[in-house]
Amino acid sequence: MSEKLHIIGVVGLGLMGSSIIVALLKSGCQVIAVTPLPEELEEGTQRILEQLQLADDMHLLKENQPTYTKNLTVSSDYKALINCQLVIECIIELEEIKKSVYQQIEAVVPISCVIASNTSAIPINILQQYLQHPSRFMGIHWAEPAYATRFLEITCGEKTDVSLAEMVQEEAIHWEKEPTLLYKDIRGFITNRLLYAAYRQGFELINQGVVGMAGLDKCFQYDIGSWITIMGIFKRMDYVGLNHYFQTYQTIFPKLCNSHEVPRQMEEILQTKGRGIHNLKGLYPHSEQSAKQLEHNFAIFNEEIYRLADRYRNRLKELNLAEPNGKQ
Ligand SMILES: NC(=O)c1ccc[n+]([C@@H]2O[C@H](COP(=O)([O-])OP(=O)(O)OC[C@H]3O[C@@H](n4cnc5c(N)ncnc54)[C@H](O)[C@@H]3O)[C@@H](O)[C@H]2O)c1
């Protein structure tokens, strides 16, 4: 159980908020769930219970459901946050609304309470300026479903007290996360930036006629996909042996795509208002049945890979592969 962050508030009871609440309940925290919309109270409570059931269906709960729900308070009154040690804002992605939510949180929580946002796109440096006490503010970015993923990025804004972010990183281990601390606010987060670099290169190869989309996807899936869950890209370099990388970098880096243009396929998608499997207009052809199959199979796969990765995570932990400066 988390020692310093035991009473945690979550503001916003949508898809991510309810999933984060279950992740925190599952790790033994007391959770104060607040919806800024009084009319959402019943529906939001229901959403949390549904997510808890999903975690149970995945056999991720060690105790029965009432053991967790007794640690849950759901309210539409910000005053319920009065004893929180951390409050995570998880409301719609609108800057003006987030600003007013921070004002209401700060009006009730103690000065020692850390305040965080799960924002996907608004810079922490911008959100931070809306706080009366910006040094206690940071990004805590979760992946869906929050109770069945290890990913967590903690982002410092320029005014964040780094020691607070380090404390959150330590405590997040008790939430069964593998947290990464970003000492500076960057656009796009670490994983997105790495992936965007791969997309840029991928589209270039396709548009040069080197390979088709399905062929490229297969390479990525069956090569990188076969090792990425057990080690990151740099551990992989050590594993493979470092001797040839210097020369390869010298040869390959100048050949990599450095374009600032959005790939033409994305312009076409924009025009057709494509949302992939969600409206059956995507980069691949989809039918209702194939979309459902993909969703269904991904849910099962997600559960299996979570368990598989966990077995090796525990074994490799014993190796304690920290950086020489102690950063994890
Ligand atoms: N969906 C994801 O996979 C994902 C992943 C990472 C981060 N995020 C981020 O998490 C946050 C929430 O995303 P979500 O997917 O849960 O959204 P959602 O639309 O499911 O839920 C948004 C919630 O915001 C609150 N809300 C709605 N209108 C409001 C208003 N006018 N005033 C105050 N509160 C209001 C409600 O509690 C609502 O349930 C966003 O900042 C989003 O960028 C989402």
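Mentor: Gladly, and let us begin with strand pairing: two strands pair if DSSP finds at least two bridges between them. Helices (H or I, at least four residues) and strands (E, at least two) are themselves DSSP runs, numbered from the N terminus. Here, strand β7 (residues 151-156) and strand β8 (residues 178-182) run parallel and are joined by 5 bridges. One of the pairs is Ile 154 with its bridge partner Leu 181 in β8.

Trainee: What should I keep in mind about the model and its numbering?

Mentor: This is a predicted model, in which local features need pLDDT of at least 70 and side-chain atom pairs count only at pLDDT 80 or more, while totals for chains, interfaces and linings use all residues. Residues are numbered from 1 along each chain as its sequence is written.

Trainee: Which unit do β7, helix α6 and β8 make?

Mentor: A crossover is right-handed if, with the strands pointing away from the viewer, the path from the first strand over the helix to the second runs clockwise. β7, helix α6 (residues 162-172) and β8 make a right-handed β-α-β unit. β1, α1 and β2 make a right-handed β-α-β unit as well.

Trainee: Which strands pair with β1?

Mentor: Strand β2 (residues 30-34) pairs with β1 in the parallel sense over 5 bridges, and Ile 8 stands opposite Val 31 in β2. Strand β4 (residues 86-89) also runs parallel to β1, through 4 bridges; there, Val 10 has Ile 88 as its bridge partner.

Trainee: Is β1 mostly covered or exposed?

Mentor: Count neighbours: a residue is buried if 20 or more other C-beta atoms lie within 10 Å of its own, exposed if 12 or fewer, and partly exposed in between, with C-beta atoms placed from the backbone. Strand β1 (residues 7-11) is mostly covered, with 4 of its 5 residues buried.

Trainee: How many residues surround the ligand?

Mentor: A residue is near a molecule if its C-beta atom, placed from the backbone, lies within 6 Å of it. The ligand is surrounded by 20 residues, and the closest are Gly 14, Met 16, Pro 36, Ile 91 and Ser 120. Helix α1 (residues 15-26) gives the largest share of this shell, 3 residues.

Trainee: Where are the domains?

Mentor: Domain bounds come from an automatic or database domain assignment. For this chain, the assignment gives domain 1 (7-182) and domain 2 (197-317). Their centres, taken over C-alpha atoms, are separated by 29 Å.

Trainee: Which backbone angles deserve a look?

Mentor: Most residues other than glycine have a negative phi, and most peptide bonds are trans. His 59 has a positive phi of about 60° although it is not a glycine. His 59 is found in the loop between α2 (41-57) and α3 (65-69), and His 59 is exposed, with 9 other C-beta atoms within 10 Å. Phe 189 likewise has a positive phi of about 60° without being a glycine. Phe 189 is in the loop between β8 and α7 (190-207) and is partly exposed, with 18 other C-beta atoms within 10 Å.

Trainee: Which residues does the cis peptide bond join?

Mentor: Glu 144 and Pro 145 are joined by the cis peptide bond, with omega about -15°. Pro 145 lies in the loop between β6 (137-142) and β7, which brings us back to the strand where we started.
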